[in-house]
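Morning, everyone. Please have a look at the chain on the screen. I'll talk about charged side chains.

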Amino acid sequence: QVQLVESGGGLVQAGGSLRLSCYVSGSIFSLNTMGWYRQVPGKQRELVATVSRGGRTDYADSVKGRFTISRDNAKNTVYLQMNSLEPEDTADYYCNAESRVTFGKTYWGQGTQVTVSS
């Protein structure tokens with residue numbers, strides 16, 4: 001059974017940086033595309049960035065050039081490096097993964113809070 005555990009959230013000033021980590025309990029090789037989503041209370045969860053099993057990355061327009069997603073299979077971990085943070089980036093950030101084993105099955109972490117002060 002795969003579990004995703006996020007860490008690295010916190011409070012940072014605008015212009016600062018944070019790195020989020022998503023540790024995969026289980027085999028990361030049982031997963032296809034992994035990604036980070038974020039959600040503000042009262043709004044829909046939105047996609048931030050994804051990384052495929054082969055390392056291809058994709059980003060929401062709002063974070064391009066500022067955020068970098070990466071995948072370290074040896075450490076069973078996916079990272080989200082967030083630079084030049086803006087107050088609009090304040091949200092709960094969630095790690096997501098698609099199963100390679102069971103078609104259509106996805107996993108979610110419990111979330112980590114990011115607050116950017118102006």
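Arg38 has 6% relative accessibility, so Arg38 counts as buried. Buried means under 20% relative accessible area, exposed means over 50%, and partly exposed is in between, with a 1.4 Å probe and protein chains only.

A word on the source. This is a predicted model: local features need pLDDT of at least 70, side-chain atom pairs count only at pLDDT 80 or more, and totals for chains, interfaces and linings use all residues. Residues are numbered from 1 along each chain as its sequence is written, and side-chain values use heavy atoms, with hydrogens and water left out.

What does Arg38 meet in a salt bridge at 2.6 Å, N to O? The side chain of Glu46. By salt bridge I mean a side-chain nitrogen of Lys or Arg within 4 Å of a carboxyl oxygen of Asp or Glu. Glu46 is partly exposed, because its relative accessibility is 38%.

Next, Asp89. Its side chain also meets Arg38 in a salt bridge, 2.9 Å from N to O. Arg38 is in strand 4 (residues 31-39), and Asp89 is in the loop between strand 8 (77-82) and strand 9 (91-99). They are 51 residues apart. Strands here are DSSP runs (E, at least two residues), numbered from the N terminus. Asp89 has 1% relative accessibility, so it counts as buried.

Asp89 has another partner. Arg66 forms a salt bridge with it, closest N and O atoms 2.7 Å apart. Arg66 sits in the loop between strand 6 (57-59) and strand 7 (67-72), so this pair ties together parts 23 residues apart in sequence. Arg66 is buried too.

Now the network. Salt bridges link Arg38, Glu46, Arg66, Glu86 and Asp89. The structure holds five salt bridges.

Terms used. Helix = DSSP H or I, 4+ residues; strand = E, 2+ residues; numbered from the N terminus.
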